[in-house]
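Here is my note on the model you sent.

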Amino acid sequence: MEKVITIVGHAAIDLLFDVENIAVHDESQPIIEYHEYFGGGAANIAIGIARLGGSCQLISAVGGDFGSSGYEAELQDHRVDLSLLYRYANEKCTRAFVFTDREHRQSTYFDWGASVHLKELEPPVIDFVHLATSDSTFNARIAKKARFVSFDPGQDLITYSRENLKSILENTNILFTNRHEIQRVCEMTGKTFEEILSMIDTVVVTYDAKGSIIHNAGKSMNIPIVPVKAVDPTGAGDAYRAGFLLAYTRNYPLETCGRIGATVASFAVQSIGCQTDLPSWKGMQERYEKHFGKLDDL
């Protein structure tokens with residue numbers, strides 16, 4: 001029976017605004033266009049895994065508008081297990097408001113909504129868990145209980161106390177960061193990059209258009225991107241993690257896991273929205289083999 005991957009973090013509604021200029025104090029600017037999409041790092045990864053044909057479960061705090069927004073039905077349609085959701089009828093779902101100007105500069109506002117309650121909760125015991133952006137205290141608690149921990153602090157890294165971050169890292173088997181976040185992890189913990197590598201089995205660092213590097217057992221594997229016409233980079237990291245983690249639980253070699261992650265990410269950047277163009281396993285495999293060669297079945 002295939003391993004169930006539990007994803008912890010936000011199921012957010014993303015409101016993306018195209019504006020002439022980012023407004024400063026006491027100023028207004030016209031909105032050119034705006035769109036609303038389903039997002040949130042944890043839900044993005046869950047949808048990605050589900051579309052690839054994997055089994056996944058979402059742990060998140062959602063508001064009373066989770067059903068009326070259509071988000072619940074969307075996740076159910078993809079057969080994401082929602083049995084461990086925390087529901088708060090009198091709260092709103094988490095929302096991100098992202099303003100992008102003509103020069104592609106961005107300003108983002110984040111409303112945690114129902115997710116503010118995560119810090120109060122005692123999480124269940126989980127087998128294989130990926131900790132996405134979420135409340136740091138909740139993530140620290142669940143990391144101590146899980147058998148296997150994958151961790152991606154993401155943009156929420158600035159909200160972590162040194163104690164919570166160190167506690168999670170001590171229980172982490174796979175760490176995902178980008179090139180900026182790994183520097184901050186080192187600064188916050190007082191550890192060198194080499195010390196981080198010595199305490200965590202696998203560390204994956206992404207470098208935007210330069211791809212990613214997988215560090216494991218003293219070896220480094222360079223994973224290139226799969227080149228496509230990119231429209232929106234938002235969600236590429238979540239798509240990478242979805243592909244990597246599913247491949248990992250299917251016992252593919254680490255280098256292949258990275259290549260599968262890069263292939264899934266190439267779909268995510270082709271259209272606006274984090275979940276709008278994610279592939280099936282067959283679709284991923286076809287593109288993978290055009291770029292990397294034969295993907296052996298395990």
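1. First, a cut-off. A residue counts as buried when its relative accessible area is under 20%, and as exposed when that area is over 50%. Keep in mind throughout that this is a predicted model.

2. Is E72 buried or exposed? With a relative accessible area of 17%, E72 falls under the 20% cut-off and is therefore buried. This residue sits in helix α3, which covers residues 71-77. Leaving aside neighbours within four places in sequence, E72 is in contact with F66, G67, L82 and R87.

3. Now the eight-stranded sheet. The sheet is open, its pairing is mixed, and its strands run in the order β4-β1-β9-β10-β11-β12-β13-β14. Which strands stand at the edges? They are β4 (55-59) and β14 (219-223). Each has a single partner strand, so one side of each lacks a neighbour in the sheet. From one strand to the next, the twist averages 20°.

4. A helix packs on this sheet. Helix α9 (residues 254-268) touches β12 (202-206), β13 (212-216) and β14. The direction of α9 makes about 25° with that of β14.

5. Look next at the β1 and β9 pair. Strand β1 (residues 4-8) pairs with β9 in the parallel sense, over three bridges. Within β9, V129 is the bridge partner of T6.

6. Which residues does V129 touch, not counting residues up to four places away in sequence? They are T6, V8, I142, A146, F148, V149 and S150. For scale, V129 and E20 are 109 residues apart in sequence, and their C-alpha atoms are 41 Å apart in space.

7. There is also a sheet of four strands. It is open and mixed in pairing, with the order β3-β2-β7-β8. Its edge strands, β3 (31-39) and β8 (106-111), each pair on one side only. Here the twist averages 15° from one strand to the next.

8. Inside that order, take β2 and β7. Strand β2 (residues 12-19) and strand β7 (residues 94-100) pair in the parallel sense over seven bridges. D18 stands opposite T100 in β7.

9. On to the helix pair. Helix α5 (residues 162-170) packs against helix α6 (residues 179-189) at an angle of about 110°, and their axes are 9 Å apart. The two helices are therefore roughly perpendicular to each other. Their crossing is left-handed.

10. What makes that contact? From α5 come R162, L165, K166 and L169; from α6 come V185, M188 and T189. By class, the contact of α5 with α6 has four nonpolar, one polar and two charged residues.

11. One more position in α5. N164 is found in this helix. N164 counts as buried because its relative accessibility is 17%. Not counting residues up to four places away in sequence, N164 touches S136, T137 and A140. N164 and F244 lie 80 residues apart in sequence and 25 Å apart in space, C-alpha to C-alpha.

Definitions and conventions. Residues numbered from 1 in each chain as written. Predicted model: local features only at pLDDT ≥ 70, side-chain atom pairs only at ≥ 80, totals over all residues. Heavy atoms only, no water. Axes fitted to C-alpha atoms, helices over the stretch in contact; angles between N-to-C directions. Parallel < 35°, antiparallel > 145°, perpendicular 65-115°, else oblique. Left-handed = near helix turned anticlockwise from the far one by under 90°. Contact = heavy atoms within 4.5 Å. Nonpolar A, V, L, I, M, F, W, Y, C, P; charged D, E, K, R; others polar. Pairing = 2+ DSSP bridges. Buried < 20%, exposed > 50% of the residue type's maximum accessible area, 1.4 Å probe, protein only.
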